[in-house]
Amino acid sequence: MSALLTLEEAQRRLLALAPETGTAPVDIHPRITGNRYLARDMVALRTQPAADLSAMDGYAIAPGRGPWRRVGESRAGAPFGGALEPGQCVRISTGAHMPPGSESVLIQENAQVDGDMVTASELPAPGRHVRKAGFDFRQGDCILARGTACTPATLALAVAAGHANLPLVEPPRIAVLDSGDELVPPGQPCGTHQIPASNGVMLGAMLHPLVGAVEALGPVADDRAALAAALKRAEDSHILVTSGGASVGDHDLIQQALKDWGATIAFWKVAIKPGKPLMVATREASWGRQVILGLPGNPVSSFVTAFLFALPLVRAAMGDASPLPRAVTMRAAEPLPAVGKRREFLRAVSNGGEVRLAGSQDSSALGALAAADCLIDRPAGSPAVSIGEPVCVFALGNG
Ligand SMILES: Nc1nc2c(c(=O)[nH]1)N[C@H]1C(S)=C(S)[C@@H](COP(=O)(O)OP(=O)(O)OC[C@H]3O[C@@H](n4cnc5c(N)ncnc54)[C@H](O)[C@@H]3O)O[C@H]1N2
Ligand code: MOO
């Protein structure tokens, strides 16, 4: 058998296949919802601040040690009309124009006021409490790069830079198909030879927050005709995620069904545990390229491969410039065994920078998976870990 792909190589090959979905302008106001990413670099249409502004409430003072004669007021939205002469000041509020001739702001806590005359109990340094024009950004600056996520902060920056809508990558159309003769739809009577079809629901719940709509095509029996009928319903999907039938069993028909459908296998099997039988295929539809991600049927294998492959693929198709999950370092709260040839992703619970196993690491153990809030990433061939040693961890977040 050919060597298994490493995780990095498999992710690289998959992301290179991410489908193109198109771009459309989307109104920012009242707010863009869901996970969306910029299709282009964005340039500021205005300078912010557009003029020197006060950062505090107090008095905009002319240079010198004072006292200063108060000659007017500058409020946010209503600037002082004139310019300050030496020895003059204006009352000023936070966000208001610094009038010409003023140099710094004497905060009101440090001002002694006697009629029109203002003296300083503590003198501000020149330029103190002044936001200089353009210090945040200037017209023409690139403020947001293509592939940036629309977060509350990036939306605020885009609005401040003068934009009313943003060019966003369209979310991909996604279908999920779980297959197996033993699968029973949720809540229906289930014999001892059967199992409730939990993967379709789990995968839909993982993908839905990213795109807002996921078509559920399963559960479907391990039967060529049934699979063909289900695949026909996926003809319009940019991304089809299948679960089950990915391994070597006589009844694991997914690969054959996909080939019958016109798909070409891009690669199969990755050196990870769980998740080895992961399969990737493509299909040229009349409207463009479809990507098929074949996940193993074991529920935990399906979850882990969805986290490592399906979510990044969807994020990449949505235009995310860095779609892969990011690891942090934590300390092992219990010893961990040495790792064999496959890189392992252990279901675990984190607490205050420490991490311990969530329970059974069997790839069917949903109890431990549901209790986990992270995956410990154990490289292939790595030695046993003692309590307190650092380990790489992926927070499950959306997972
Ligand atoms: N002789 C070998 N056997 C197996 C190998 C191997 O290399 N040689 N690989 C093992 C590994 S690793 C995995 S992972 C599984 C994956 O197999 P499949 O993708 O073909 O999955 P199934 O056989 O269809 O199902 C496995 C297991 O998961 C349950 N399942 C499947 N779908 C669902 C669903 N939608 N909801 C809930 N549970 C589901 C199914 O009942 C099985 O118990 O293969 C190993 N075998
Ligand atoms: O890879 Mo399987 O996913 O070990 O259970």
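This is a predicted model: local features need pLDDT of at least 70, side-chain atom pairs count only at pLDDT 80 or more; totals for chains, interfaces and linings use all residues.

Colleague: What is the mean pLDDT of the protein chain?

Modeller: pLDDT is the predictor's confidence in each residue, from 0 to 100. In the protein chain, 98% of residues reach 70 or more, and the mean is 95.

Colleague: In what order do the 6 strands of the open sheet lie?

Modeller: Strands (E, at least two residues) and helices (H or I, at least four) are DSSP runs numbered from the N terminus, and two strands pair if DSSP finds at least two bridges between them. The pairing here is mixed, and the order is β16-β13-β17-β21-β20-β18.

Colleague: Why is one side of β16 and of β18 left without a neighbour in the sheet?

Modeller: β16 (214–216) and β18 (264–268) stand at the edges of the sheet.

Colleague: Which residue in β20 is the bridge partner of Thr 264?

Modeller: β18 and β20 (residues 279–285) pair in the antiparallel sense over 4 bridges. In β20, the partner of Thr 264 is Thr 282.

Colleague: Are α4 and α5 roughly parallel or oblique to each other?

Modeller: Axes are lines fitted to C-alpha atoms, for helices over the stretch in contact, with angles from 0 to 180 degrees between N-to-C directions. Helix α4 (residues 224–232) packs against α5 at about 55°, with the axes 10 Å apart. Angles under 35 degrees count as roughly parallel, over 145 as roughly antiparallel, 65 to 115 as roughly perpendicular and the rest as oblique. The two helices, α4 and α5, are therefore oblique.

Colleague: Which strands does helix α5 lie across?

Modeller: Contact means heavy atoms within 4.5 Å. Helix α5 (residues 254–261) runs at about 15° to β20, and the strands it lies across are β17, β18, β20 and β21.

Colleague: What is the phi of Gly 115 in the hairpin turn?

Modeller: Strands β8 (residues 111–114) and β9 (residues 117–120) run antiparallel, joined by 4 bridges. They form a hairpin with 2 residues between them, and Gly 115 in the turn has a positive phi of about 65°.

Methods. Residues are numbered from 1 along each chain as its sequence is written. Chains are lettered from A and ligands numbered from 1 in the order in which they are written. Side-chain values use heavy atoms; hydrogens and water are left out.
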